[in-house]
Amino acid sequence: MVSWMICRLVVLVFGMLYPAYASYKAVKTKNIREYVRWMMYWIVFALFMAVETFTDIFISWFPFYYEIKMAFVLWLLSPYTRGASMLYRKFVHPSLSRHEKEIDTYIVQAKERSYETVLSFGKRGLNIAASAAVQAATKGTGQDACETAIPTMSVGLTQKWSPSHQPGPERSPW
């Protein structure tokens, strides 16, 4: 439990917060070399986080698992080892280059499907809301659902108003 908490803290501080600040500095100073370095880091780190989701579930029982994870994050980050740059150049870039067209096609299809799905759910939601509003309006007092008591000038007396007897300039209930 203690190693898990320490690991979370190391990944948060050294895996995300420090690199985020260093990325900010690289963008602010417009240093292309640093910008490229941090872009490679973030790509590798994103893949690490995706893999970590599954490894935490299935192999977190492995001895020294969290210590290995902490060492890996520090290795990725270190300017001496240039772990993220090495992994990016040797594995990530070649793999993404080989599959770039398929990935782009999948992303376009996913965007189209998500747009269609959002529209479909939106229409369903509006239909459900409209049906509920109509049911609520017709439910209740039955035939007198649209009738409202309108007070007259006489004290204590009320007059019923319904859509068939709408008050207009020529027909005022008063």
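**Exercise 1. Place L76 in the fold: which helix holds L76, and is L76 buried or exposed?**

Let's start with the location. L76 sits in helix α3; helices (H or I, at least four residues) and strands (E, at least two) are DSSP runs, numbered from the N terminus. This is a predicted model, in which local features need pLDDT of at least 70 and side-chain atom pairs count only at pLDDT 80 or more, while totals for chains, interfaces and linings use all residues. Residues are numbered from 1 along each chain as its sequence is written, and side-chain values use heavy atoms, with hydrogens and water left out.

Next comes burial. L76 counts as buried because its relative accessibility is 3%; buried means under 20% relative accessible area, exposed over 50%, and partly exposed in between (1.4 Å probe, protein chains only).

Then look at the neighbours. Not counting residues up to four places away in sequence, L76 touches Y41, V44, G83, A84 and L87, where contact means heavy atoms within 4.5 Å. In C-alpha terms, L76 and G15 are 8.5 Å apart in space and 61 residues apart in sequence.

**Exercise 2. Describe the chain as a whole: how many helices and strands are there, and in what order do the elements run?**

Count the elements: the protein chain has 4 helices and 2 strands. Read from the N terminus on, their order is α-α-α-α-β-β.

Now turn to the totals. Of the 174 residues in the protein chain, 18% are buried. Among contacts with a separation of 6 or more, 45% are between residues 24 or more positions apart.

One pair shows such a separation in sequence. V2, in helix α1, counts as exposed because its relative accessibility is 54%.

**Exercise 3. Check the geometry of helix α2: what span should its 28 residues have, and where is the kink centred?**

Begin with the expected span, which is 1.5 Å times one less than the number of residues. For the 28 residues of α2 (residues 32-59) this should be 40 Å, and the end C-alpha atoms are 38 Å apart, which agrees.

Follow the axis next. A kink of about 30 degrees is centred on E52; the bend at a residue is the angle between axes fitted to the seven residues ending there and the seven starting there.

Now list the buried residues of α2: W38, M40, Y41, V44, F45, F48 and E52. Their cover includes α1 (2-29), α3 (65-77) and α4 (83-138).

Finally, compare with the record. UniProt, in an unreviewed entry, places a "transmembrane region" at residues 38-62; its positions are given in the numbering used here, feature names are shortened, and annotations may be inferred rather than shown by experiment. Residues 38-62 are 88% helix and 0% strand, and their end C-alpha atoms lie 31 Å apart.

**Exercise 4. Trace the charged network: which residues are linked in a network of salt bridges?**

A salt bridge is a side-chain nitrogen of Lys or Arg within 4 Å of a carboxyl oxygen of Asp or Glu, and the whole structure has 4 of them.

Step one is R8 with E52, at 3.0 Å from N to O. This pair links helix α1 to helix α2 across 44 residues. R8 is partly exposed because its relative accessibility is 26%, and E52 is buried because its value is 4%.

Step two is E52 with K69, whose closest N and O atoms are 2.5 Å apart. E52 lies in α2 and K69 in α3, so the pair ties together parts 17 residues apart in sequence.

Step three is K69 with D56, at 2.8 Å from N to O. K69 lies in α3 and D56 in α2, so this pair joins parts 13 residues apart in sequence. K69 is buried because its relative accessibility is 5%, whereas D56 is partly exposed at 21%.

Putting the steps together, R8, E52, D56 and K69 form the network. Leaving aside neighbours within four places in sequence, K69 is in contact with C7, R8, F48, E52 and D56.
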